[in-house]
Amino acid sequence: DVTEIEEKEAQAKREEQILKEQELSNLLHEKRYLKALGLAISLDRPHTVLMVIKAILKETDGRKHLEENIIRLRKDQKEAVLSFLVTWNTNSRNCHEAQAVIETLLKHEAPDTLLQYSGIKSAVESLLPYT
């Protein structure tokens with residue numbers, strides 16, 4: 001019977017999730033936005049990523065800080081943010097944050113590099129009607 005083993009694994013995953021959420025909360029409180037973005041992306045939490053971006057933009061020189069943080073993300077993290085912002089862009093409450101991230105990506109990534117992102121074609125097709 002493997003029920004007990006599966007229950008222990010599920011409990012361990014829940015505990016790990018709680019620890020990561022606490023760490024994310026601490027990072028936001030300490031204004032360590034790059035690590036917070038990375039953790040929220042790794043947890044696959046689009047709304048949390050959006051909240052981090054909103055927090056960055058509320059800072060003095062928020063656009064500059066946003067650029068600095070987005071540039072420093074890995075390619076896979078940028079791809080994840082791109083997929084998230086497609087959804088954000090469809091909502092008028094979140095479109096400004098989505099546009100700020102799009103602007104940063106377009107400014108700092110070469111067109112050839114952007115074309116290598118997974119899902120770029122569908123993302124552009126989805127962004128065009130709302131942009």
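Q: Is Ile 102 buried or exposed?
A: Ile 102 has a relative accessible area of 12%, so it is buried, where buried means under 20% relative accessible area, exposed means over 50%, and partly exposed lies in between, with a 1.4 Å probe and protein chains only. Please keep in mind that this is a predicted model, in which local features need pLDDT of at least 70, side-chain atom pairs count only at pLDDT 80 or more, and totals for chains, interfaces and linings use all residues. Residues are numbered from 1 along each chain as its sequence is written, and side-chain values use heavy atoms, with hydrogens and water left out.

Q: Where does Ile 102 sit, and what is it in contact with?
A: Ile 102 is found in helix α6, and leaving aside its neighbours within four places in sequence, it is in contact with Leu 85 and Leu 127. Contact here means heavy atoms within 4.5 Å, while helices (H or I, at least four residues) and strands (E, at least two) are DSSP runs numbered from the N terminus. The C-alpha atoms of Ile 102 and Val 86, which are 16 residues apart along the chain, are separated by 9.5 Å.

Q: Ok, and the largest pocket, which residues line it?
A: Ile 102 is one of them, and the lining also includes Leu 82, Leu 105, Leu 106, Leu 114, Leu 115, Ile 120 and Thr 131. The volume of this largest pocket is about 250 Å³.

Q: What counts as a pocket, and how is a volume worked out?
A: On a 1 Å grid over the protein atoms alone, a pocket is an open set of points with protein on both sides within 12 Å along at least five of seven lines, whereas a cavity is a set of points where a 1.4 Å probe fits but cannot get out; lining residues have an atom within 4 Å of a point. Grid points are joined across faces, edges and corners, and the volume is the space filled by probe spheres set on the points.

Q: Which helix gives the largest share of that lining?
A: That is α8, with four residues, and α6 (95-108), α7 (111-115) and α8 (120-127) each supply at least two. By class, the lining has eleven nonpolar, one polar and no charged residues, where Ala, Val, Leu, Ile, Met, Phe, Trp, Tyr, Cys and Pro count as nonpolar, Asp, Glu, Lys and Arg as charged, and the others, Gly among them, as polar.

Q: Stepping back, how many helices and strands are there?
A: The secondary structure comes to eight helices and zero strands. The C-alpha atoms fill a box of roughly 55 × 35 × 25 Å, taken along the principal axes, and 36% of the 131 residues count as buried.

Q: What about Glu 97, is that buried or exposed?
A: Glu 97, which is found in helix α6, has a relative accessible area of 13% and is therefore buried. Apart from neighbours within four places in sequence, Glu 97 is in contact with Leu 50, Ile 53, Lys 54 and Leu 57.

Q: And Lys 78, what does it touch?
A: Lys 78 lies in helix α5 (residues 75-89) and counts as buried because its relative accessibility is 8%. Not counting residues up to four places away in sequence, Lys 78 touches Ile 70, Ile 71, Leu 73, Leu 105, Glu 109 and Tyr 117.

Q: Changing topic, at what angle do α3 and α5 pack?
A: The angle is about 85 degrees, with their axes 10 Å apart, where axes are lines fitted to C-alpha atoms, for helices over the stretch in contact, and angles run from 0 to 180 degrees between N-to-C directions. The two helices, α3 and α5, are therefore roughly perpendicular to each other, since angles under 35 degrees count as roughly parallel, over 145 as roughly antiparallel, 65 to 115 as roughly perpendicular and the rest as oblique.

Q: Which residues meet there?
A: Pro 46, Val 49, Leu 50 and Ile 53 in α3 meet Val 81, Phe 84 and Trp 88 in α5, and by class this contact has seven nonpolar, no polar and no charged residues.

Q: How do α3 and α4 pack?
A: Helix α3 (residues 46-58) and helix α4 (residues 62-71) pack at an angle of about 135 degrees, with their axes 6 Å apart, so α3 and α4 are oblique to each other. By class, the contact of α3 with α4 has four nonpolar, three polar and one charged residues.
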